[in-house]
Protein chains: 2
Amino acid sequence: MAGPVLLACDWGTTNLRAWTLDDVGRVAAEHDFALGVSKLAPGEAAQRFEAEVRPALQARDLPAILCGMVGSTIGWREAPYADCPAGLADLAGRLTKVAPAVRIVPGLRCEGIAGGPDVMRGEETQVLGWLAQNPERRTGRHVVCHPGTHAKWVLVEDGRIVRFVTAMTGELFAVLSHHSLLKSDAPADDDAAFDEGLAAAGEGDALAARLFTARARVVGGKAKAESTPSYLSGLLIGSEAASAPRLLLGEAPKQVVLLGDAALCTRYRRALVRRDVAVEVFDGEAAAIAGLFALGAPR
Amino acid sequence: MAGPVLLACDWGTTNLRAWTLDDVGRVAAEHDFALGVSKLAPGEAAQRFEAEVRPALQARDLPAILCGMVGSTIGWREAPYADCPAGLADLAGRLTKVAPAVRIVPGLRCEGIAGGPDVMRGEETQVLGWLAQNPERRTGRHVVCHPGTHAKWVLVEDGRIVRFVTAMTGELFAVLSHHSLLKSDAPADDDAAFDEGLAAAGEGDALAARLFTARARVVGGKAKAESTPSYLSGLLIGSEAASAPRLLLGEAPKQVVLLGDAALCTRYRRALVRRDVAVEVFDGEAAAIAGLFALGAPR
């Protein structure tokens, strides 16, 4: 095996994941850092990258490529958005150099559902990395869902991201679980309550009303309060699965590619299969590595 | 004018409003107390009612009637729910006596939208009080909306509440304004941004996705961050107005009676009129007083 040729980082709001990659994109070393850009002071990203990230990965002299919120105004430096449609070649031509051997992948922008834009930073690298891993997917039309705090529903056509829609499902779950009448410290691990929540989601309409069912089922003695987080998770994911892809496509999808965290993808799969959608699941981290390698490998 | 004959209280989660009423239901005196039941220790409601509320209203010897969360498990004592359909006579027959001259109005329960029950405490007194104030409404079918932290959409037929749906719109606004990516201290007083939010609400579907437009319009440079609370208010109220009454009726309503706080009713009217719904607005406090008088006046 050749030595590492690239330092690749997925540097988000709450976390930084870093890998060194060899000349065919295999991981040589990896390291996580609690250096999310939301915790960094202005100017701190550059300093800590050189002082902590490079040494920890023995990557002092490697070219580096970064994706995610590190390219936002609260990150290292703003990497201007690229507009959809965009594929790997489009992004490769628009990297922002922030230091002699450090480049940041641009975020993506497209027309949103209400006149303004929609935006992503980081997920584009995973989606395009998934295409790099799966050459047979580079033709035709694919609906990719990346679950998370801000879930992304992405329409891919012939190897380029043509449009996407963001849903704040994960953030809704977090704020409701911590700060609302539905708050609870219980784990969201009750499959029966999750399925009850999926059933209560309807067609993704009237969410504010459907949310109250999470309270009423406990007050009315139909369920234990400890099952509320699972029920809420099912209700929110079910509502998203029923409605967000329709905003993207104008109709319900027949097939969806789930790309992301395995546990979260399992929940989304359950919501989608219930709606007769054919689902494939792919690992988001492997896709991020493939995307960063495709965009950053020395040529 | 005769002297007061009844001490009437709307005692909710965050506040207690008290009035003494004469023998035809006119207000003789009124007083607000920061004694919401969420702040009371067990047993404290009875003690503070006698020590503070009665003396402040010079009502030591009057019969008293209370509605609202004071009848919940965290209040004075639980006043069991009455089941729909229910009118004034049904509630009058089910008051819970908690002290020799103190009675609590039962909350209402009906079948909810997801198999469990839906519940209210306090709004039933306003809706039935509105009927007491408006005898010509005691026949026929009326859709009443009571906006608030937990907004209620209530179907009234021939003087009885037959069904209702709760929407957590006000609570969603509060938790998102204080704890999410959309948080802001700015006032929600920008009518143009409110209308933008109404337009972005669609048919009340895909709320988690539509919420992200509140972020994207600012990130994309289309709007100032200070307009976010107004936009968010329009988006949430617009979403509720489009979808919650459909859950109640199976179709969109043609006419809606708004009953509640004047400023909030103005917002809901704007959302409903935009959807070609005919709207009448009535004062919630006057309706509460009329309902308490109808249920509690000595006979």
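Reply: Let us begin with exposure: buried means under 20% relative accessible area, exposed over 50%, and partly exposed in between (1.4 Å probe, protein chains only). This is a predicted model, in which local features need pLDDT of at least 70, side-chain atom pairs count only at pLDDT 80 or more, and totals for chains, interfaces and linings use all residues. Residues are numbered from 1 along each chain as its sequence is written, and chains are lettered from A in the order in which they are written.

Me: Which residues of α8(A) are buried, and which are exposed?

Reply: Helices are DSSP runs (H or I, at least four residues), numbered from the N terminus. In α8(A), the buried residues are A:C265, A:Y268, A:A271 and A:L272. Seen down the helix axis, they fall within an arc of 120° (taken from the directions from the axis to the C-beta atoms), so they line one face of α8(A). A:A262 and A:A263, on the other side, are exposed.

Me: How is the size of an interface expressed?

Reply: It is often given as the accessible area lost when the parts come together. Here that area (1.4 Å probe, summed over both parts) is about 3300 Å² for chain B and chain A, with 78% of it on carbon and sulfur atoms.

Me: How many residues of chain B are in contact with chain A?

Reply: Contact means heavy atoms within 4.5 Å. By that criterion, 43 residues of chain B are in contact with 43 residues of chain A. Of the interface residues of chain B, 100% are also interface residues in chain A, so the copies meet through the same surface.

Methods:
Side-chain values use heavy atoms; hydrogens and water are left out. Helices (H or I, at least four residues) and strands (E, at least two) are DSSP runs, numbered from the N terminus. Buried area is the accessible area (1.4 Å probe) that two parts lose on being put together, summed over both.
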